[in-house]
Amino acid sequence: MTETPSVEIRALRKTFNHGQNVAIDNLSLTLRKGQIIGLIGADGAGKTTLLRLLDGLLLQDSGEISVLGSNPIKQKIELARKIGYMPQKFGLYEDLTVKENLEFYADLKGIEKKFDTMLKFAGLQAFQNRQAGKLSGGMKQKLGLICALMGNPELLLLDEPSVGVDPVSRRELLKMVKQSVTKDTTVIWSTAYMDEAHGFDNVIVIDKGKIVYLGNPRDLAPDSRGFEEKIIELMGGFTPSESLVAKNFAILPSTIQYVVEADNLVKKYGDFYAVKNNSFKIKRGEIFGLLGPNGAGKSTSFKMMCGLAKPTSGTARIMGYDIVKQASLARENIGYMAQKFSLYPNLSVKQNFDFFAGAYGLYGKDAQNAISQMIEIFGFEHYLDDNAQELPLGFKQRLSMACAVMHNPSVLFLDEPTSGVDVIARREFWNHITSLAAKGVTVMVTTHFMDEAEFCDRISLFYKGETIATGTPDELKQSAAAKTMEEAFINLIKIREEAA
């Protein structure tokens, strides 16, 4: 007897904006049960649309879809208990506690409310009464994952479950999935992290709504070009070019040696130290990386340096201006890109540009010229009237970066700027960042992509609110007896844990 495929798609097509934007283009696919499949593609390639079609959240324009032998639209109720879906955007209720979110999803699926094993499995027992919105990025993703795993689904759809998660937690998430699913469960895992692909049974590379590769991930790297290079080639390739952001950037001259300084910076919440005795000095034109696990205190440090959170003690200066005593003067020199999309979701792209131009003191022709440049450089010509919250994740990041650089700041604080961005866009972002630094812009950046850490001139490794190592990428790798930055990251944290 022939086994029913987990997923069977024939000539699938899905468009938006009255057929103007093609998301899925004549796509056919058959997936057997019991596989973990990686879904890779550029921003707007159709990954999220495909997962939503499989979950019955969207109706196709044409073509056929069979999920576990059923129609995801006509038999949605029957399929609800068989499918686990974790959306790209944090799909939980931030004002509910961890336990309340679990209870809500248990009610939706009509299953028994026994969570002890799941909470222990995800390391969330001590946090079950904490609001989901107050969890660290890694904890949020683990909570979202165990909610999707509820009821032992036969099909698990994960839309970038590890976005914004540190390397240690990313490994834990994949391990959680492999330990939780049965041998007949099919998992489709959308990702922007190329190193994750090696943990999958098969990968699907999708480009402009079409499948350009389906097969074993190891077959994608037959030579020295490496896995990521082959993916880039399949997605149309990337040729470095002059950064138009840097070309048009007009930075003011300065004789200040250390553009960014922190001296014993501390942030406490009650008895909890989010940041403890953080000190560093960053020279003009330097790229300074801040690495660390989720919840280590990186974003809190950024918020203090940008004047968005008042330090409990200690001092910091931007271009010589004290961030507390001379806050407005310090902020005039800063461009800030937050970890969490911090623009106005209910405003259009154009309205966001207009607002931030005014907020950064750009008016009249200066504002028009700056906005026009950002629209052209970051490719927003066809998105100007779209609400920011409706943009694909990668385009949200582009919009955040465009708003951060449009006023030519001397200092850039970039908190995970490439989180959720595809491999080609990541290279474009870093082309802008390194070109700006070469022109004299000082950059402080956090990232969970360890290959990106190699672009930094110096790195501070943060753990539990404290700096545990500082140096160039090569110095950190040498001190940790590691060949890669990911190995160095994991080894240095392990050394710190063993010494504690």
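Tutor: Helices H5 and H6 cross in a right-handed sense. A crossing is right-handed if the near helix is turned clockwise from the far one by less than a right angle, and left-handed if anticlockwise. The model is a predicted one: local features need pLDDT of at least 70, side-chain atom pairs count only at pLDDT 80 or more, and totals for chains, interfaces and linings use all residues. Residues are numbered from 1 along each chain as its sequence is written, and side-chain values use heavy atoms, with hydrogens and water left out.

H5 spans residues 137–149 and H6 spans residues 167–180. Helices (H or I, at least four residues) and strands (E, at least two) are DSSP runs, numbered from the N terminus. Two packed helices are described by the angle between their axes and the distance between the axes. For H5 and H6 the axes come within 11 Å and cross at roughly 15°. Axes are lines fitted to C-alpha atoms, for helices over the stretch in contact, and angles run from 0 to 180 degrees between N-to-C directions. H5 and H6 are therefore roughly parallel. That label covers angles under 35 degrees; over 145 is roughly antiparallel, 65 to 115 roughly perpendicular, and the rest oblique.

Which residues of H5 and H6 meet? From H5 come Gln141, Lys142, Leu145, Ile146 and Leu149. From H6 come Glu172, Leu173, Met176, Val177 and Ser180. By type, the contact residues of H5 and H6 are six nonpolar, two polar and two charged. Contact means heavy atoms within 4.5 Å. Ala, Val, Leu, Ile, Met, Phe, Trp, Tyr, Cys and Pro count as nonpolar, Asp, Glu, Lys and Arg as charged, and the others, Gly among them, as polar.

Now take another helix pair. The axes of H11 (residues 349–359) and H13 (residues 393–405) come within 10 Å and cross at roughly 25°. H11 and H13 are therefore roughly parallel to each other. H11 passes H13 in a right-handed crossing. H11 brings Val349, Asn352, Phe353 and Phe356 to this contact, and H13 brings Leu399, Ala402 and Cys403. In the contact of H11 with H13, six residues are nonpolar, one is polar and none is charged.

Helix H1 (residues 47–54) is mostly covered, with seven of its eight residues buried. Buried means under 20% relative accessible area, exposed over 50%, and partly exposed in between (1.4 Å probe, protein chains only). The buried residues of H1 are Lys47, Thr48, Thr49, Leu50, Leu51, Leu53 and Leu54. Just after H1, glycine 56 takes a positive phi of about 80°. Aspartate 55 sits in the loop between H1 and strand E4 (62–67). At 14% relative accessibility, aspartate 55 is buried. Aspartate 55 touches Lys76, Ile83, Tyr85 and Leu157, leaving aside residues up to four places away in sequence.

Proline 293 is another loop residue, between strand E12 (287–291) and helix H9 (298–305). Proline 293 is buried, at 12% relative accessible area.

Next come the charged pairs. Side chains of opposite charge can pair when their charged atoms come close. A salt bridge here is a side-chain nitrogen of Lys or Arg within 4 Å of a carboxyl oxygen of Asp or Glu. The count comes to 23 salt bridges. Aspartate 25 pairs with lysine 210, with closest N and O atoms 3.3 Å apart. Aspartate 25 lies in strand E2 (residues 21–31) and lysine 210 in strand E9 (residues 210–215), so this pair ties together parts 185 residues apart in sequence. Lysine 210 is partly exposed, at 39% relative accessible area. Arg13, Asp25 and Lys210 are linked in a salt-bridge network.

Glutamate 454 bridges to lysine 477, with closest N and O atoms 3.0 Å apart. Glutamate 454 is in the loop between strand E17 (442–446) and strand E18 (458–463) and lysine 477 in helix H15 (residues 473–479), so the pair ties together parts 23 residues apart in sequence. Glutamate 454 is partly exposed, at 37%, whereas lysine 477 is buried, at 12%.

Aspartate 184 pairs with lysine 183, with closest N and O atoms 3.7 Å apart. Aspartate 184 is partly exposed, at 39%, and lysine 183 is exposed, at 71%.
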